[in-house]
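Please open the structure in a viewer and keep the sequence beside it.

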Amino acid sequence: MRLSFNMKFNAGLDGILNTQQKMNRAQDQLTKQTRILTPADDPASSAKVLGLDQNLEQVSQFQNNSVLLKNNLALEETVLTNMRTSMDRVKTLAIASGNGTYTVAERNALSEELKNIQVELFDLMNTRNSEGGYIFSGFQDKTPAFAYDQASNSYFFQGDDGQKALQISPTIAMPGNDSGKTVFEDVNARFKPSTPVVSAGGATAATITMSDQSQFDAFYRNNFDGLPAATNQYNVVLTAPSSYEIQRDGVALTPPVTGTFTPDQPISFAGLSITISGAAAVPGQVDFTLQPPQKKNMLTTIGDFITALDNPNISGSAFNEAVNDVLTQIDNASSNIDSTLSAIGGRVNVLDSVFGTNEDLTINNKAYRADLSEVDYAAAITEITKQEIALEAISATFTKVSGVSLFDYLR
């Protein structure tokens, strides 16, 4: 076969260019720290690396969400803990105010301190996070959670029940806030009966006082009927010569509740102390009802108590009712806050656990990705050296074979 000059030249040039290409590829692998420069280098591994990269980015976003959630929960926990301390102080002051020896001036002093605590609690209930959102407003975080209505001297909730959740794993979304409606607004007010009414007989007065709130609370929960048709009315039926029976809507209780009636002597029933006055009370009847349960903003209850403290003409029984109202609702609100703090602690534990799991997954995925794609430095350097030697050899051979004077000069 006859070889032309062009054939010899092109063959030598192709050898040089191929060797340079191999050397450049090895240098690129070393520079970019990967053995897969294009998907064609290893299609299967390239697809796996792409999936691992997407998974690592997703896990990184989960970790960022976890950090954000943990910061938000830490802020909420701090706020609720401070509120809990202030509410304990409200309870202490309410108990102290029940001291019958307190003067009007001393009650006014308690009132001033309670007003300051009320302002502090109101401010905490409208706490904002680092992004400027109100943490207890639910989804309506650009609106203050609570506002004050001066006309009715009451506080009301302006947000909603929403909880904003962030994804911390492919299957777990964790809420980072709690609605103030649940924690502060929907606080059970004190269970209590209505004012007694003399419906028959000649009783001159009838009063009901609370002798055991916890006993009455248990009775209320077991016996209140929320159906619209139910009246929840109880009757103290007085019969001659001196006996009483307590009935519900005119029907005897099971077992029957009966006893001896003496005017002005209290009748004990389900934590209540019922006192009926008047020698002509027998025969007769006194009725009272179980009032429907109410939910009340705790700041409004504190405000009602402040009003009672500031009233120098309030009767002893009315003031005691105000004290009992605020003590019961503060206890209920404290229970709500304690439950929320417990829930926050549980969420933080889950966050920590999932965060650790994601960190382990990140380490494993990076290790697997390295096995698939990262370059072997020793092999890459060896390849570069090998191709350099090959390039020198093929260049020298090309010069001799082609016999071109330019290559003689270069040599």
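This is a predicted model: local features need pLDDT of at least 70, side-chain atom pairs count only at pLDDT 80 or more; totals for chains, interfaces and linings use all residues.

Are F216 and Y220 buried or exposed? F216 is buried, and so is Y220; buried means under 20% relative accessible area, exposed over 50%, and partly exposed in between, with a 1.4 Å probe and protein chains only.

Residues are numbered from 1 along each chain as its sequence is written, and side-chain values use heavy atoms, with hydrogens and water left out.

**Stop 1**

Keep F216 and Y220 selected. Both belong to helix α5, four residues apart, about one turn of the helix. Helices (H or I, at least four residues) and strands (E, at least two) are DSSP runs, numbered from the N terminus. The two residues form a tilted aromatic pair, with 6.2 Å from centre to centre and 50° between the planes. Rings of Phe, Tyr and Trp (its six-membered ring) pair if their centres lie within 6.5 Å; planes under 30 degrees apart count as stacked, over 60 as edge-to-face and the rest as tilted.

The structure holds 14 aromatic pairs.

**Stop 2: the open sheet**

Select the strands in the order β6-β13-β8-β9-β10: these five form an open sheet with antiparallel pairing. Two strands pair if DSSP finds at least two bridges between them. β6 (197-200) and β10 (251-260) stand at the edges with a single partner strand each, so one side of each has no neighbour in the sheet.

Next, select β8 (residues 233-239) and β9 (residues 243-248), which run antiparallel and are joined by six bridges. V236 has I246 in β9 as its bridge partner. In the loop between β8 and β9 lies P241, and the peptide bond from A240 to P241 is cis, with omega near 0°.

A further cis peptide bond runs from V282 to P283, with omega near -10°. P283 is in the loop between β12 (272-277) and β13 (284-289).

**Stop 3: the largest nonpolar core**

A nonpolar core is a set of buried Ala, Val, Leu, Ile, Met, Phe, Trp, Tyr and Cys residues joined through side-chain atoms within 4.5 Å. Select L80, M83, F184, F305, V326 and I337; of the 46 residues in the largest core, these touch the most other members. Helix α7 gives the most to this core, with 13 residues. Centre the view on L80, whose contacts (heavy atoms within 4.5 Å) include F136, V183, F184 and I337.

**Stop 4: two backbone positions**

Select N153, in the loop between β1 (146-149) and β2. N153 has a positive phi of about 55° although it is not a glycine, and it is partly exposed, with a relative accessible area of 29%. Finally, select A270, in the loop between β11 (267-269) and β12. The phi of A270 is also positive, near 50°, and at 14% relative accessibility A270 counts as buried.

Technical notes. Lists of a residue's contacts leave out its neighbours within four places in sequence.
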